[in-house]
Amino acid sequence: MSEQTAGARGWQTPGSATDWREMEERVLEFWRDEQIFARSVSERRGGEPYVFYEGPPTANGRPGSHHVLSRVFKDVFPRFHTMRGRYVERRGGWDCHGLPVELEVEKLLGLSGKPDIEAYGIAEFNQQCRESVLTYLDEWERLTERIGFWIDTNRAYRTMDTPFIESVWWSLAELDKRSLIYESDKVVPYCPRCGTALSSHEVALGYKDVEDPSIYVRFPLVDRPDVSLLVWTTTPWTLPANQAVAVNPEVTYVVAEHDGHRVILAEPLVAKVLGDGATILERHPGAVLEGWAYVPPFADIPGAHRVVPAEFVTTDDGTGIVHIAPAFGEDDMNVARAQGLDAPNPVDRQGRFTHAVPSVEGVFVKDADRALIEDLRSRGRVFRETAYVHAYPHCWRCQTPLLYYA
């Protein structure tokens, strides 16, 4: 702005904080009165286009200081290209989907989780979400203007509007026509209460120190019933879904005798697991164990139940033999695919066992640990049990323990 223009409007260099605030308000007023933003766009019509659609915020929560930073970044690049003479239509947007909206409405209605929503009525719940989603629109508009973020909110797109939703379906249809879409299981951190997967960033927000049962379980060999693979786990609830056990082909494994039991484990872990009283009877490279069949911990779910190789197996802790439940671990799933194994999942979307495991049907998996351990103990399969304190991820929204779930 020229000094002549500034002088004509009665502006002077500000001194105090109050003066600065008054100056800022007059700048904003000048931009409004003179339609500076609209002119910065219209006067470049016909120039090379630079397309900008805002990655939309959700307006059912108040804006915070962190939104200022993100909106500054959104403003810098369109301004830069505008100053280079390009035609930059800047379309604002509002994100109307997702858990932030749903959780606010759940609190409003006194609901908790998907079963309550379904009982209330999905259509009715969705309507409540539509009414909630733009609750703080005026506050967002004020922030947008106050920080000098130039963007057209009069023509803002909304992700809940039919044209936007249909554009997403169109995109998916085009990808499908090119055979670029496939369906497959993927193990993700999953909240059974919210019924959704969480990103790695979200998972990092919810770790808590918890005490879980740590058990060493005997998996007897089919051809040598007096010898058992010794497997360590802190998630006993995953054992009914066991499909294989993994060993590291490069590690030496031993048959060791301890208190009348003959067990197989990695040689570097013998002293740590069995103490000084163990007698080593045999040594085998991990590669030799591949294909050995064993009796699974539970017989409810069929599977290969054999030893498979996996380079991720270490001798840092446990026994050097890892129980593989493909539906409940990313490494497990990768091994299963490489070995042609199934990935049965006996747990429903609410984190409860299905009829596939009758002894704990309907029980939340974490609550089923004790019953499953006692079942194993009654059959002489528990070699040792201790308590294990470790950091475990919880949903940052509802504090429910997360499941790694296909």
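Strand S2 (residues 90-94) and strand S3 pair in the parallel sense over 3 bridges, where two strands count as paired if DSSP finds at least two bridges between them. Helices (H or I, at least four residues) and strands (E, at least two) are DSSP runs, numbered from the N terminus. Within this region, glycine 93 stands opposite tyrosine 157 in S3. The model is a predicted one, in which local features need pLDDT of at least 70 and side-chain atom pairs count only at pLDDT 80 or more, while totals for chains, interfaces and linings use all residues. Residues are numbered from 1 along each chain as its sequence is written, and side-chain values use heavy atoms, with hydrogens and water left out.

The open sheet has 3 strands in the order S1-S2-S3, with parallel pairing; its edge strands, each of which pairs on one side only, are S1 and S3.

| Strand | Residues |
|---|---|
| S1 | 52-53 |
| S2 | 90-94 |
| S3 | 152-158 |

Helix H4 (residues 65-83) packs on the sheet, touching S1 and S2, and its direction makes about 160° with that of S2. Contact here means heavy atoms within 4.5 Å, and axes are lines fitted to C-alpha atoms, for helices over the stretch in contact, with angles running from 0 to 180 degrees between N-to-C directions.

Helix H5 (99-109) and helix H6 (114-120) each supply at least two residues of the lining of the largest cavity, to which H5 gives the most, with 4 residues. Among the lining residues are Leu99, Glu102, Ile117 and Arg193 (a lining residue has an atom within 4 Å of a point of the cavity, which is a set of points on a 1 Å grid over the protein atoms alone where a 1.4 Å probe fits but cannot get out).

Notes. On a 1 Å grid over the protein atoms alone, a cavity is a set of points where a 1.4 Å probe fits but cannot get out, and a pocket is an open set with protein on both sides within 12 Å along at least five of seven lines; lining residues have an atom within 4 Å of a point.
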